[in-house]
Number of protein chains: 2
Amino acid sequence: MAGKGRRAKEIGADGGDDSAFLAAYDPRDFPAIAVTVDIVALTLRGGALHVLLVERGGRPYRGAWALPGGFVRAGQESLDAAAARELAEETGLDAAHLERVHLEQLGSYGEPARDPRMPVVTVAYLAFAPDLPEARGGGDATAAAWIPVSRLALAAHQDGRTDRTPPGGSAAGDRDRTAGISGEPDAARPRPSEQGPGHGTDGGDSVPRTPDDAAPGPDAPAPLPLAFDHARIVADGLDRARAKIEYTPLATAFLGEEFTIAELRGVYESVWGSPLHAGNFHRKVLSAPGFVEPTGATAARGGARGGPRARLYRAGDAALLHPALLCPDRDGS
Amino acid sequence: MAGKGRRAKEIGADGGDDSAFLAAYDPRDFPAIAVTVDIVALTLRGGALHVLLVERGGRPYRGAWALPGGFVRAGQESLDAAAARELAEETGLDAAHLERVHLEQLGSYGEPARDPRMPVVTVAYLAFAPDLPEARGGGDATAAAWIPVSRLALAAHQDGRTDRTPPGGSAAGDRDRTAGISGEPDAARPRPSEQGPGHGTDGGDSVPRTPDDAAPGPDAPAPLPLAFDHARIVADGLDRARAKIEYTPLATAFLGEEFTIAELRGVYESVWGSPLHAGNFHRKVLSAPGFVEPTGATAARGGARGGPRARLYRAGDAALLHPALLCPDRDGS
DNA sequence: CCAATAGTGTCTATAAGACAGTATTGT
DNA sequence: ACAATACTGTCTTATAGACACTATTGG
């Protein structure tokens, strides 16, 4: 809470007004922790989901990939503003591009040893971006790049949280079950799908993928480890993204101003990692009021290998989808 | 992110190992912010939803009600652990009672001026508790008590976010709309109910209430203002709670070990603030696998004014409900 | 007895999913 | 020509919600 003041200098038992009290207040009397924001920025490139990462120039984890982010300027900016600022700084994107980015808070992470240097609490943010130009890499990062999520080493996740949900008895899976105080950093996903026994880091990523989204084959480069606890943050962000596009029209945030239903379907297939029935998807999108609205125009050309020109749509004004577009196979009904 | 180290003392450009680097590291070089946890603890008492509040003993907001919480012990505990510790401390509940409490992270709040004394970032937690004994009030709070949420002044809420949410001009309501960088502290509600055109604040408090849940009538005491930004945090917590019981069996966390379907229905009616059809609710609960399982026993006596003895159930092993129990009237379908 | 309640059955409207079918395009 | 694609229609099944109905209890 803001202000229990357990260790504050209480001046005068009852006398004095607040201004005098505040003037005599020494913030250093409070235990302070470094607070950062980290951004899980997602985008679609070539039909595959990518996350924005920076290569660390400093210790620890020098040379490793990490989420873009940085310190919150104490007292000068809100958490939201800090996240927006860091995203802009580290990507070098201009305001015009950032305008089209959806940014929302994901959750906070504060394990005591998550940063070997000192206690650091990070407030993670999740961003949905349309296909942006190559990132620039600012700050002290040596590089910034959009990395396919399929290349990441996302411990016990790729197949775990994505499409099954045996409520068995797993590490964090059942912590919030019936009894016991339990933490759950994300808590956002409506149908998150936890999972079975704790395979610490089983290699197999069994996420079915759309053809374009090349899963890392046997010849693929080794999965990229992430610095700090960023693998978990990315995993939580992906969970949130998968859940969020079910109930909100945010999938359109991955696309340009105008798009076809097929392109929108591509977003869902990439984020969910499973192919969707084109016909049924089409009907469902159009049946959700306010999801999309026709522009009247049609695409310049048909599909890659033929077909009629698709109608173009833009994002509607709905904030929530009703009925929702439920992800198939998230839990066996 | 944890560890950009922009202002860190970089010892040696490339030489040295991490341990030497860490030894020379001075955490004070980093901008530090006070980090607290605040808990929105909800319970049901007499058919009405209550939130645990403490009366502030210190400045500012002395004498006002606030959320229980306190500083995170930097480097010694995780955020989850801090929340559990503070909840125990401030309520004086023993481990046996805390065992049955569900605790999950709600979101972080870091407006620069949210605490007049200094920059404070708070990580809010949401707790679901069965009817607990009267709170004790520890720490520097002069008192702790379970307060009916209907007595709180929850800005633009009681009628705003509960069953409608004009994205119009309200504080954070439309910030996450289609374009622009935007924050959204909660982001959890699957169907939070946004909605059409921005009717700013039409008077009608359209939340239907179950008979017991006395809405503050004309003779009711004045609504309780909360310290800091705690009104918003509570509001976000209620939103989360309303959304969460749709997709998870967490409503059982408000009840004892064994309960009847009618008692479970009471939880939903109290949290959602609208009466439910008894027959349909009954069938839906039993049709969701793993939601509840029969104990074989029956209640000691029938309803308050007659009726057969109800069967008793305990919480099942499902982590998610399928099909979900959708809240009626969240958005006009 | 009477009113309230627990629990079940029935009916309708809606939605999901599987599938078929038609028209339009690129190769 | 052929294959792929956009889009629409149809059928089956599952679910939500409204309502009726029976049985059982407390007052």
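By class, the residues close to DNA strand C split into 10 nonpolar, 13 polar and seven charged. This is a predicted model, so keep that in mind throughout.

Helix 6 of chain B gives the most, with four residues.

Now strand D. Again, 30 residues lie around DNA strand D. Nearest come Ala262(A), Gly279(A), Gly303(A), Gly307(A) and Gly306(B). Helix 6 (261-272) and helix 7 (278-287) of chain A each supply at least two residues here, and so does helix 6 (278-287) of chain B. The largest share, four residues, comes from helix 7 of chain A.

Next, the domains. Chain A is divided into domain 1 (34-246) and domain 2 (250-315). Their contact takes 19 residues from domain 1 of chain A and 16 residues from domain 2 of chain A. On the domain 1 side, the elements giving two or more residues are strand 1 (32-45), strand 2 (48-55), helix 4 (160-163) and helix 5 (230-247) of chain A. Helix 5 of chain A has the largest share, four residues. That side has nine nonpolar, five polar and five charged residues.

On to the core. The largest nonpolar core has 157 residues. Which residues have the most contacts inside it? Val40(A), Ala127(A), Val40(B) and Ala127(B). Take Val40(B): leaving out residues up to four places away in sequence, its contacts include Val51(B), Leu67(B), Leu106(B), Ala127(B) and Ile233(B).

Last, the backbone. Most residues other than glycine have a negative phi, and most peptide bonds are trans. Here are some exceptions.

Tyr61(A) has a positive phi of about 60°. Tyr61(A) sits in the loop between strand 2 and strand 3 (65-66) of chain A. Buried or exposed? Tyr61(A) counts as buried, because it has 20 C-beta neighbours inside 10 Å.

Phe228(A) also has a positive phi, near 55°. Its place is the loop between helix 4 and helix 5 of chain A. Phe228(A) is buried, with 24 other C-beta atoms within 10 Å.

Then the cis bonds. His322(A) to Pro323(A) is cis, with omega near 0°. Pro323(A) lies in the segment after strand 9 (311-315) of chain A. In chain B, a cis bond joins His322(B) and Pro323(B), with omega about 5°. Pro323(B) is in the segment after strand 9 (311-315) of chain B.

Methods. Residues are numbered from 1 along each chain as its sequence is written. Chains are lettered from A and ligands numbered from 1 in the order in which they are written. This is a predicted model: local features need pLDDT of at least 70, side-chain atom pairs count only at pLDDT 80 or more; totals for chains, interfaces and linings use all residues. A residue is near a molecule or strand if its C-beta atom, placed from the backbone, lies within 6 Å of it. Ala, Val, Leu, Ile, Met, Phe, Trp, Tyr, Cys and Pro count as nonpolar, Asp, Glu, Lys and Arg as charged, and the others, Gly among them, as polar. Domain bounds come from an automatic or database domain assignment. Two residues are in contact if their C-beta atoms, placed from the backbone, lie within 7 Å. A nonpolar core is a set of buried Ala, Val, Leu, Ile, Met, Phe, Trp, Tyr and Cys residues joined through C-beta atoms within 7 Å. A residue is buried if 20 or more other C-beta atoms lie within 10 Å of its own, exposed if 12 or fewer, and partly exposed in between; C-beta atoms are placed from the backbone.
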